[in-house]
Amino acid sequence: MISLPLPVLAALLCLVIAPLMLRLDLGRRSAAVYFALLFAGFALQSLLVGLRFGYGIEDFITFQRVLPLSVGPLLYLGFLSLALPAKDLHRQASWHLGAALLLALVLGLFAIIYRDFDLAISLSYLIYIALLIRLSRKGPDHLIFARLDIARPAQRWMLLGAGLLLILLILDTAIALNFVFARGNHATAMVSLGSLMLIGLLLLILTRMPSILAPEQSSPAPASESPARNEADLEQRAREMLLKSQIYLDPDLSLQRIARRLSVPERSLSTAINQSQGMNMSQYVNGFRLGHAARLLRDTNDSVSQVMSQSGFLTRSNFYREFQRVYQQTPAQYRDEAAAKTKD
């Protein structure tokens, strides 16, 4: 009877999750693609580890050792996709993935001992732990391309991702030290332990996937009705509801909550905003928040911090960035200009 090493089982679970990641509706297609590539990489890496420690096949050791260099960049770029415009994201992706590929080639061609791989991988994990924590600290407002109800959970997911990299760092370091001081006598047990932890994480992800998978497409509109007209009508309904209720002032507002108010499927509402306004739901809601902030700046003496909190924004930096993007000036400059016009 052929036994199935735990790393191979982990690889099979990763192969199940990778295509499911492509169905994620996070607000940006590129985010789902990066996460799918991350789990595809986990699958390949786990398979090679299983072949090495389970069946003694060591023909792919070098490839197996450089694969972890892709983990940090793919994980980070998945979350960064929700924060940066396409042009900036492409530049960041070229830099991060290019650096990982170059380092992998250098190690594969010139590394003399496997400790060189271990040091490079550990340094990569540390760098991306720091980058994920820094991105998380910018707050959910920074994730301007995220689906409205995904932004706040995504901030927590970044910290979980940083925690995953920390666990991988500790595990890889322990295995490397075992090879140095014990000639790898306990490496198989450590690999099994790491695989068990990964399997537990993968099963947890599978149980959570249904809540964040892309919702099913709503039924098509009757042939006699124009889809563009339907989308424009739905956007107008959403606009009127938001202006009347001012629920956009709630920082915890979600796509689900807006759709429920309008009695329409989430996907239909998201599509209507995207097609009629050329933006996602988060950007759409932020437009109402910025309009409210502009009114407060013109008509009250509240401080900029008070205006920010009263307008539904969570962090000062993101409020400033979004305000400058829309009004081409800082909130203080906008207030001064409005006051000068009033005097004139």
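Mentor: The largest cavity has a volume of about 30 Å³. This is a predicted model, in which local features need pLDDT of at least 70, side-chain atom pairs count only at pLDDT 80 or more, and totals for chains, interfaces and linings use all residues. Residues are numbered from 1 along each chain as its sequence is written, and side-chain values use heavy atoms, with hydrogens and water left out.

Trainee: How many cavities of 30 Å³ or more does a search of the whole structure find?

Mentor: Rolling a probe the size of a water molecule over the atoms shows where empty space is left. A cavity is a set of points, on a 1 Å grid over the protein atoms alone, where a 1.4 Å probe fits but cannot get out; lining residues have an atom within 4 Å of a point. Points are joined across faces, edges and corners, and the volume is the space filled by probe spheres set on them. Here the search finds 1 cavity of 30 Å³ or more.

Trainee: Which residues line the largest cavity?

Mentor: The lining consists of L37, L38, G41, F42, Q45, L67, S70, V71 and L74. Two elements, α2 (29–55) and α4 (71–80), each give two or more residues to it, and α2 supplies the largest share, 5 residues. By class there are 6 nonpolar, 3 polar and no charged residues; Ala, Val, Leu, Ile, Met, Phe, Trp, Tyr, Cys and Pro count as nonpolar, Asp, Glu, Lys and Arg as charged, and the others, Gly among them, as polar.

Trainee: How many helices and strands does the secondary structure come to?

Mentor: Helices (H or I, at least four residues) and strands (E, at least two) are DSSP runs, numbered from the N terminus. The protein has 15 helices and 0 strands. Its C-alpha trace spans about 80 × 50 × 30 Å along the principal axes.

Trainee: How much of α12 is buried?

Mentor: Buried means under 20% relative accessible area, exposed over 50%, and partly exposed in between (1.4 Å probe, protein chains only). In α12, 15 of the 19 residues are buried. Across the 344 residues of the protein, 47% count as buried. In α14 the buried residues are N318, F319, Y320, E322 and F323, and their cover includes α12, α13 (304–310) and α15 (331–343).

Trainee: Why does D118 count as buried?

Mentor: D118, in helix α6 (residues 114–137), counts as buried because its relative accessibility is 16%. Contact means heavy atoms within 4.5 Å. Leaving aside neighbours within four places in sequence, D118 is in contact with R65 and A176.

Trainee: What does A162 touch, not counting residues up to four places away in sequence?

Mentor: A162, which lies in helix α7 (residues 151–182), touches I129, L132 and I133. A162 and I129 are 33 residues apart in sequence, yet their C-alpha atoms are 4.7 Å apart in space. A162 is buried, with a relative accessible area of 5%.

Key
1 Å grid on protein atoms, 1.4 Å probe; cavity = no way out; pocket = protein on both sides within 12 Å on 5 of 7 lines; lining within 4 Å.
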